[in-house]
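Visitor: Please show me the model, and let us go through some of its side-chain pairings one at a time.

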Amino acid sequence: MSYKDYLKLIDDIRYHDRLYYVLHKPILNDEAYDALFQKLLEVEKEHPEWVVSSSPSQRIGELPSKGFAEVKHGSAMLSIANTYSQEEITDFWGRMQKVAPVDAVFAELKMDGIAVSVTYKEGSFFQAATRGDGIHGDDITANCSMIASLPLKIVGAPPLLVLRGEVYMPHDSFKALNHERELAGEDIFANPRNAAAGSLKLLSPLLVANRHLAVIFYGLIENKAVDYQHEVPEYLASLGLPAMPDYKLCKNVEDIMAFAEKVHKQRAQLPFDIDGIVIKVDRLSLHDEIGYTGRCPRFAIAYKFQAASAETIIKAITLQIGRTGVITPVAELEPVLLAGSTIARATLHNEEEIARKDMRVGDYVLIQKGGDVIPKIVEVIKEKRSVNSLAWKMVLHCPSCGELLLKDEEGVAVRCPNSKKCPAQQLERLSFFVSKDAMDIENLGVKVMEQLFLKGLVKHFSDIYTLDREKLSTLSGFKEKSILNLLAAIEKSRKASLSRLILALGIRHVGASTAAELASLTGSLEAFRKMQKEDFRGIEGVGEVVAHSLASFLNDPDNQAELDLLIINGVEPLQKAPARTDHLFSGKSFVLTGAMERYSRSEASELIEDRGGRVGDSVSKKTDYLVVGTEPGSKFAKAQKLRIRILTEPEFLQLL
């Protein structure tokens, strides 16, 4: 390798570091990245005279984000070297025996989340920061204060307690978030780690609270409380801090591998993502003696599980047109079984990723499930490529309507701007309108809607409410019973809630929670359709982008005409009954925090509102009651400080 090739290798790794640490959109799997990094280390070992100070081997990689203050770590936050084989674990064990009297190592789960440093002073939560470049990170104190599992006050802590841990997104929260983003016509996250990273970088702590992140701690800095790593989880738990749920003290390599095998088998049942185990010398006093490299501690190593993968062939690359006009390339694959399900398609995201991975029709590829959920192509097996293969190129015109395609504001996504007349977009919007999450019209699935659309029976939302027996009898496979069932479902949907109708309209960036907020605020379709951009300011979940999208939709004469037709055709969104004025809750302001056993938060809010109360998102001097469930967040501490009356769930139920 030449010096020029060495510099090119550095540039490649920097590029992937940026994708992983800053943009949180990696295109290489961990093994491929680690292979690149290992190659860099080998080159620098062979040519130490080449090593430049900006080499990724000399630093961590993540850059501070815009919008956050910078924090200097009291002790550097280093990454841990990775290994993938028992042989490398054996080498690690042998090295430890040579440099220090190591008699045991501690093995624990390797969380696949975002590394954080958290500081408590006098038992109170003081500061949280990201790893950043290892020396400086982002101050994410406000955002971390919204994590329910992070206590704001702990009893029995030393005057200064500095912890290392991992912020992650549980699987249930990840699925719910992606579902919400899909409803709002936004890109979904590829895996929980990316979702957690994106959430921590939000500039609004209130939005972070809605992402339901969690944290686990595993390390003590400036520690005087314990002498061994295996004592750390118990010590953290004694302070009421979330600690590692599974670990093992290992006396030899066989113990380590047995623990790794056990964890690997249980991995699918865990409520969060892990990608391996971490192995550390147990005696903490030996850590400094064993020492550090410029990037990693020598006393620890990560054993990473190889992701399940399968080989298949790209049969075609098709284009999927979403209801907002975004064109997404999709790989049509030779069906293959992977991690318990048959995979026949995988999104390719955009043309830049296709070009970078050089994916072509006819290529043999390896696929994995990102976050064990979403199929993705991780590698092209170029040795098997046909000599006649051609590079793929994005079309210039929409395959559905022929309109010239445009790049979006960020210069990545390609969009068809013909939103009103593009058949593919029209069909996607109609299918979403009748879906379970929107107007919930049973028996009107995608295939049926496609028939109605192609026959010209349904072109607009309002056309659904003009369907009758005669029109439905023209559909393939529709007999009398099917016709009656569908007409009954359409009739039922005329009385759907206002929030469902607002969501069903498919306004860009408007998901279920925003639709519910708008419905609660306006109370009627007539009031909603008269809203102007200035009316949206201050509404929870509605920033400048969402406000602009709503205003654009409501200011469009065609959209207003469609709302008229929906009303003319009998769509009357259900309005809530007038709130009671004779109840204790009437005129009172409530805030909810933590999880309740008997009711969901939305159900509890509805019960309060039915009794004349108001439910807010944040605690202030105007709040009358804070209702507290399990694992309350920062609202609890603020309510105590403001001397607001706090209701436990039994007390709340009694007052109902």
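Visitor: Which residue meets K110 in a salt bridge?
Guide: This is a predicted model, in which local features need pLDDT of at least 70 and side-chain atom pairs count only at pLDDT 80 or more, while totals for chains, interfaces and linings use all residues. Residues are numbered from 1 along each chain as its sequence is written, and side-chain values use heavy atoms, with hydrogens and water left out. A salt bridge here is a side-chain nitrogen of Lys or Arg within 4 Å of a carboxyl oxygen of Asp or Glu. With 3.4 Å from N to O, the partner of K110 is D275.

Visitor: How many residues apart in sequence are the parts that K110 and D275 tie together?
Guide: Helices (H or I, at least four residues) and strands (E, at least two) are DSSP runs, numbered from the N terminus. K110 belongs to strand 3 (residues 105-111) and D275 to strand 10 (residues 274-281), so the parts that the pair ties together are separated in sequence by 165 residues.

Visitor: Are K110 and D275 buried or exposed?
Guide: Buried means under 20% relative accessible area, exposed over 50%, and partly exposed in between, with a 1.4 Å probe and protein chains only. By that definition, K110 and D275 are each buried.

Visitor: Which residue forms a salt bridge with K420, and where does that residue lie?
Guide: The side chain of K420 meets that of D558 in a salt bridge of 2.7 Å, N to O. This pair links distant parts of the chain, 138 residues apart, with K420 in the loop between strand 18 (414-415) and helix 12 (423-433), and D558 in helix 20 (residues 557-568). K420 has 43% relative accessibility and counts as partly exposed.

Visitor: Which residue's side chain makes a polar contact with the side chain of S199?
Guide: S199 is part of helix 6 (residues 192-200) and is buried, its relative accessible area being 0%. A polar contact is a pair of N or O atoms within 3.5 Å; within protein, one must be able to donate a hydrogen and the other to accept it, and residues adjacent in sequence count only if both atoms are side-chain atoms. At 2.8 Å, the side chain in question is that of R211.
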